[in-house]
Amino acid sequence: MRHLLDFSGWDRARVAALFKTARAMKEVLSRPIKTVPTLKGRTVATVFFEPSTRTKTSFELAAKRLSADVVSFSGSSSSLKKGESIRDTLLTLAAYGVDAFVIRADAAGVPHQAARWLDAAVINAGDGRRAHPTQALLDAFTLEEALGDLEGRKIAIVGDILHSRVARSNAELLGLLGAEVWLAGPPPLLPRRPFFGARLTARLEEALKDADAVMALRIQKERLSGGRLPSEEDYRDGYQITEDRLALAKPGAPLLHPGPLNRDVEIEGTLADGPRSLVLRQVENGQAVRMAVLYHLLARRAA
Amino acid sequence: MRHLLDFSGWDRARVAALFKTARAMKEVLSRPIKTVPTLKGRTVATVFFEPSTRTKTSFELAAKRLSADVVSFSGSSSSLKKGESIRDTLLTLAAYGVDAFVIRADAAGVPHQAARWLDAAVINAGDGRRAHPTQALLDAFTLEEALGDLEGRKIAIVGDILHSRVARSNAELLGLLGAEVWLAGPPPLLPRRPFFGARLTARLEEALKDADAVMALRIQKERLSGGRLPSEEDYRDGYQITEDRLALAKPGAPLLHPGPLNRDVEIEGTLADGPRSLVLRQVENGQAVRMAVLYHLLARRAA
Amino acid sequence: MRHLLDFSGWDRARVAALFKTARAMKEVLSRPIKTVPTLKGRTVATVFFEPSTRTKTSFELAAKRLSADVVSFSGSSSSLKKGESIRDTLLTLAAYGVDAFVIRADAAGVPHQAARWLDAAVINAGDGRRAHPTQALLDAFTLEEALGDLEGRKIAIVGDILHSRVARSNAELLGLLGAEVWLAGPPPLLPRRPFFGARLTARLEEALKDADAVMALRIQKERLSGGRLPSEEDYRDGYQITEDRLALAKPGAPLLHPGPLNRDVEIEGTLADGPRSLVLRQVENGQAVRMAVLYHLLARRAA
C-alpha cells in the first residue's frame, strides 16, 4: 500500500491485516504511556484545505503517539485558486522532507492528484463528496468489534446520503466486507443512483427493519432550509433515530455517528448517550486505525 | 488531588508539598536542558473557550518540558451554545486518551462540570469571574520567595476586584496561608461583599499602608468607559500604583501584576521595569508551578 | 555569533563554517530518520508579527529535527501599538526560558531591538524591507552547490528591488562572497541608490547578459496596480523571466525564486518546473541552513 485514497484495489485480506495492526495499536493506547518510537524521525504533514478540528487532531495525535514529527498547513481552497498552487504548496512541504501527507479538500480528487505529484505517501482525509476512507475504516473496525464478521450483516446508513463522503466510503468498504448496506434519507438528499452495490430508499423503516447496526450521518444544517429541502423539523419527524424507530432493528443493534452530533437532530438525545451508542468508541478506534494506517504506509516503506 | 478547580479542600500542607515540587521544577528550568521524561507518553489537552496566549503557552510549555504530548482545542463558547456540546467536545478529546484537561471558559463552573463528566484530571485555567487557581499559586509562590512565610503578611490587591478571578483565587489562597488580604479599587469595580475573609476598601491608601506586597490587577479597558464607571484618566488618578503611593507600603515591598500590563495604566512605567517589580519572576515561576501541578495530578496517578 | 540579524561583521570564513554545518545537516535530512538530539531541552520561539507560513514552518521543522521544543507567537503589530508592548511580549517569552527567538516584523529594526532587550539568541526572519538573512544564506548555499565558488560570478536579481529584503540581504551576502550582483526591475520598483555594491538597472537584458545565475523575486500583486506603477501585464512584458530571456544568461545558468511563486508572472510556467529551476532545492536547503544557524547559535553557547 503506497497511498490511502479510497478502497479501489483493496481486498478483505488487506483490511484484515490493517485491523490486526489497529488492534495492536489499541493495546498501546490502553497503556498509561501511549507513545511508541515506531515512526521516530519521520514527518507527517496535515494539509487541510477545509476546516476540521476532529479529524486533524485525531491524525496529529496518532502521528505523535508513533513519535513522528508533525507539520500542519491550513488553507482555504479559495485562496488557492489554481490547481498549480495547491501543487506548489505540496511540493514545498515535500521539500521539507515530509514522509506522509494527510490531505482534506472540498474538491474531490485533490488527494489523488497529490499522489501523482508526490513521492511521499498520501492519505485522503476527506475529499468533497467523494471519499473519507479512514472514517470508513474506523466504522468497520468498530462494527466488527461489536458484531464480529460483517458478512451478510445488514447495516443501515441514514441521513444526507447525497452529499456524504462518509456514506460513500462506508458503502464501498462495507460492501467489500460482505455487508448488505442500506442508504436511507429524504428524497432530495438521496443520490439518483445507488453506489457500490448499496440499496437506496426514502423509507426509513425499510432500512432499519432487522438491521444489525444503524449509522446516522451528520446533517449540515444549511442543507435543511425548507423549500425543496426538508426543514429541520421535517427531518426530525421523518428520519431522526429514536428509541421507537431503533426498535425496528435487531435487538441491541448498535448505533453509530461520525460526529460531531447535532444533538436531538440526527439522534434522539437519550439514545446518543445510551448503552447502544458507539459514538465515543468510534473516536477511540479512529486513533488506533489512523496509527495503523500511518504504520502500514511508513514503517514498512524502504527506509 | 484529582483535579485543580479552586482551593476548597486545600490545607497548608498541600500547598507546601506543591511548592516543594515547584522548587524542584525551577531547578530543572535553570539547567541548559530543561526537559525531563517524567510525563512521557501522557497527553495534556488545552481547551480554551476564551482566547489567551500567555496562560495557554505557559501550560503547553510546562507539559512539553515534562515530555508530555500536547493537544489543543480552541473554540468560542458562542459556537458552543448548549452545555451538551461542550460536553461532547470534552468526551471526544477524552476518547483520544487525554490524561489531563486544562480548561478556560468565560462561563463560571465549566471546569467543575468537566470534572464530573471526565475520568481525566481537570485543571481550571480560569472560569468566568470565579477562579484562576494556577495564577494564585504562582503569585503565592513568588510572594513566599520574596517574603518567606506569609502568615500575618499584609497583601494589597488593587484594581477591578469585581470582575477578577485572579483577585478571588488570590484571596482564597493567601487567606489559607494566613495572609491579611486587602482588596482596593474604584467603588463601581468593587464587589458588594468581601470574599474569603479579605477586606474591601475604595481607599487605596488604606490598602497600601504598611503592606508587605502590592499586586495590581489587569484592567480591561472596556471597563473604563466613563459614566458610572471611571474613565482611564480617573483610574490613573485614583488607583495607579506610582512611586509615591508605593512609598506607603513597607520599604522594599515588592510589586506584582498578572500580566499583560497596560503600560502606564495600572502601574507607573518606570516601576514596572524597576527592581521591586516581580512581573517577570511571576511568569518564570508560573511555569515551574504549572509543571508541579501537572506532576501532582498525573505522575502520582495509578498508571 | 550571538545573533543573526544581518551580515554586518561577517567574513567569508564564517559563511564557510556555517555552510559546512549546513552540509552536515543536509546529510541528516537525507536519512530516513531525520531527527538528531543536538538541541534536546532547548526552546526555540517563533515570533511572527507578520503572517508567513513557509518561513515559520521551515524554522519550526528545523528546530524539531534538532529535538528542540518550539513555542509560537503570532501577533499583528497593529495590536502592538507601542514598542514597549513588543518588548513585554518578548520578555515574557524569555521568562519561559526561551533560548532562541526567530522574529519576523513588518517594521525594520525590531529584531535588532530584541537583541538588545534579550539575553537569548535572536534570528531575524525578515524585518520590513531591511533584511532576511536566512533567505540569503539558503540562496548562497544553493548557488554554491550549483556553481562552486561565487567569486566573480554574475548574479542577476530581478523584480521589485525597492521593497525587497531578499534583494538587500542577497546583495549584502553575495557581495561579501565576491559575486557581482545586478539588480533589475521596472524604474518605480528600483531604489534610488544601489546597495552593498550591487549594480542597478532598469534594463533586464543588461542584468541577464552572461549571468551565471538568475533570481526572480516575488511580486506583491498590490504593487502592480497601474498608474505610476506597472500593471501586471506590463510587468510580464518587461520583466518576466522567459525561455528567450534566460537564453541571454550563460548556458545552463540556474533559476532561483524565494517562493511562493505567482505562476506565469515572475517566471514563465514551464521554466519554473524545468530542469534549470532550483526553487524546490532552495526550500530543501533552507531547512539545512536554518538547522545550521540554530546549531551555531545554541549548541556552542555555554550551556
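This is a predicted model: local features need pLDDT of at least 70, side-chain atom pairs count only at pLDDT 80 or more; totals for chains, interfaces and linings use all residues.
Residues are numbered from 1 along each chain as its sequence is written, and chains are lettered from A and ligands numbered from 1 in the order in which they are written.

**How the chains are related and touch**

- A rotation of 120° with 0.0 Å of shift along its axis places chain C on chain A with an RMSD of 0.0 Å, where copies are superposed by least squares on the C-alpha atoms of residues with pLDDT of at least 70 in both.
- That is the relation of a three-fold axis.
- Chain B places 16 residues in contact with 19 residues of chain A, two residues being in contact if their C-beta atoms, placed from the backbone, lie within 7 Å.
- On the side of chain B that touches chain A, the elements giving two or more residues are β2 (69–74) and α3 (83–95) of chain B; helices (H or I, at least four residues) and strands (E, at least two) are DSSP runs, numbered from the N terminus.
- The largest share of that side of chain B, 6 residues, comes from α3(B).

**The two domains of chain A**

- Chain A is divided into domain 1 (12–132 + 283–299) and domain 2 (133–279), with bounds that come from an automatic or database domain assignment.
- The centres of domain 1 and domain 2 of chain A, taken over C-alpha atoms, are separated by 25 Å.
- In chain A, 21 residues of domain 1 are in contact with 19 residues of domain 2.
- On the side of domain 1 of chain A that touches domain 2 of chain A, α1, β4 (121–127) and α11 of chain A each supply at least two residues, and α11(A) gives the most, with 6 residues.

**Helices α1 and α11 of chain A**

- The axes of helix α1 (residues 12–29) and helix α11 (residues 279–299) of chain A come within 8 Å and cross at roughly 120°; axes are lines fitted to C-alpha atoms, for helices over the stretch in contact, and angles run from 0 to 180 degrees between N-to-C directions.
- α1(A) and α11(A) are therefore oblique to each other, given that angles under 35 degrees count as roughly parallel, over 145 as roughly antiparallel, 65 to 115 as roughly perpendicular and the rest as oblique.
- Among the residues that meet, Leu18(A) and Met25(A) belong to α1(A), and Met291(A) and Tyr295(A) belong to α11(A).
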